[in-house]
Amino acid sequence: MADEADDLDLSTLDDDELVQQMHEDLYDGLADEILEGVNILLERKWEPYRVLTEALVEGMRIVGIDFRDGILFVPEVLLAANAMKGGMVVLRPLLAETGAPKQGSMVIGTVKGDIHDIGKNLVGMMLEGAGFDIFNIGINNDADAFLEALDEHKPDFLGMSALLTTTMPYMKVVIDTMKERGIRDDYTVLVGGAPLNEAFADSVGADAYCRDAAVAVETAKALVIERRKASSAAAG
Ligand code: B1M
C-alpha cells in the first residue's frame with residue numbers, strides 16, 4: 001500500500017476520497033502523507049476541528065479495531081500514532097488560536113503504567129483553544145508527580161487520562177492521596193479515556209467524566225461558570 005500511496009497525488013482527490021486515503025495512510029503509518037493531507041484539507045478551508053475528528057480520530061478508531069482483533073501489532077500502531085501526532089502538530093496552533101478569553105487552567109496527565117497520550121494531548125489542545133492554560137505532564141504519572149504539578153502550577157482543574165482497564169483504577173489512588181493531604185477540594189478533577197464511564201468517575205471520586213475532548217471543553221467551561229457563581233454568592 002505504501003508504494004501506491006507514494007505514487008498518488010493527494011491534491012487530485014476530492015474531499016471524501018482524500019479523507020478515505022488519509023484513513024489508509026494513517027493505518028499504514030505514513031506520516032508525510034498525513035501531514036500533506038492535513039494541509040490540503042486546511043487549504044480547502046476545512047475547520048481544524050473537522051480535520052482532526054473526521055480524518056485523524058476516525059482513522060485511529062479504525063486502527064484500534066484491527067489492533068483489538070490482532071490484525072495490527074504494537075510497532076504498526078506506534079507508526080500510526082506517530083503519523084497522527086505529526087498531523088496534530090499542524091492543527092494544535094490553529095485550535096489554540098481562537099482568541100477565546102482566559103477561562104482557567106489545568107494540569108493534565110496520563111496515569112501510572114499507561115503510555116497512551118494521543119487523547120490526552122488532544123484534550124489539552126482543545127482546552128487551550130477554549131482559553132485554558134494547560135500544563136501537560138505527559139504519561140505514566142504516579143500520585144506524587146500529579147501532586148507536585150498541582151503544587152507547582154496551582155491550576156483550577158486536574159485532568160487524568162487512562163486508556164487501559166488495568167491503569168484506570170490508579171485515578172482513585174491519586175484522588176485518595178489528594179484527600180490524605182487535605183487538598184482534594186482545592187481542585188476540580190476531570191477524568192477521561194476510552195474504557196471509563198460516568199459510574200467509574202463517581203466511584204473514584206472525580207468531579208466529572210468527559211467522554212471526549214469536546215465534552216471536556218464543555219464540562220470545564222460549565223464548571224468554571226458554576227464556580228464563579230458560587231464564589232460571588234459567597235461574597236454576598
Ligand atoms: Co494501546 N490499547 N496498548 N497502544 N491503543 C488500546 C487502548 C486498546 C483499547 C486497543 C484494543 O485492544 N482495541 C487496548 C486496551 C484494552 C483495555 O485495557 N480495555 C490497548 C492495549 C491492550 C495496549 C497494550 C497493552 C498492547 C500491548 O502491549 N500488548 C499496550 C499498553 C502500553 C501501556 O500503556 N502500558 C498498548 C500500547 C499502545 C501503543 C504504544 C502502540 C499506542 C499508543 C501510542 C500513544 O498514545 N502515543 C496504542 C494505541 C494508539 C492504541 C489505540 C489503537 C488508539 C488510542 C488512541 O490514541 N485513540 C487504542 C484503541 C482505541 O482506543 N480504540 C489502544 C485516539 C484518541 C483520540 O482517543 O485516547 O480514546 P482516546 O481519547 C479520547 C477520549 O477517550 C477522551 O478524549 C479523547 C479525545 O476525544 N479522553 C479524555 C482521553 N483522555 C482524556 C482525559 C480527560 C478527558 C477526556 O481528562 C479531562
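**The strands and what surrounds them**

Analyst: Strands β3 and β4 (residues 188-192) run parallel and pair over five bridges. Strands here are DSSP E runs of at least two residues and helices are H or I runs of at least four, numbered from the N terminus, and two strands pair if DSSP finds at least two bridges between them.

User: Before we go on, what kind of model is this?
Analyst: It is a predicted model, where local features need pLDDT of at least 70, side-chain atom pairs count only at pLDDT 80 or more, and totals for chains, interfaces and linings use all residues. Residues are numbered from 1 along each chain as its sequence is written, and side-chain values use heavy atoms, with hydrogens and water left out.

User: Is β3 buried or exposed?
Analyst: Five of the five residues in β3 (residues 157-161) are buried, meaning under 20% relative accessible area, with exposed being over 50% and partly exposed in between (1.4 Å probe, protein chains only). In a regular strand the side chains alternate between the two faces of the sheet. In β3 both faces are covered, with F157, G159 and S161 on one side and L158 and M160 on the other.

User: What unit does β3 make with α8 and β4?
Analyst: Together β3, helix α8 (residues 170-180) and β4 form a right-handed β-α-β unit. Right-handed means that, with the strands pointing away from the viewer, the path from the first strand over the helix to the second runs clockwise.

User: Switching to the ligand: which protein donor does the cobalt atom have?
Analyst: The single protein donor is H116 (NE2), 2.2 Å from the cobalt. Donors are N, O and S atoms within 2.8 Å of the metal (3.2 Å for Na, K and Ca), and water is not among the atoms, so sites may look incomplete. H116 sits in the loop between β1 and α6.

User: And D117?
Analyst: D117 lies in the loop between β1 and α6, and counts as buried because its relative accessibility is 16%. Beyond neighbours within four places in sequence, D117 touches K85, T110 and I139.

User: How about α5, where does it bend?
Analyst: The bend is about 35° at V90, and a proline, P93, follows within four residues. That bend is the angle between axes fitted to the seven residues ending there and the seven starting there.

User: What does α5 pack against?
Analyst: Its buried residues, including V77, M84 and L91, pack against α2 (15-27), α3 (31-43), α4 (48-68) and α6 (118-129).

Notes:
Contact = heavy atoms within 4.5 Å.
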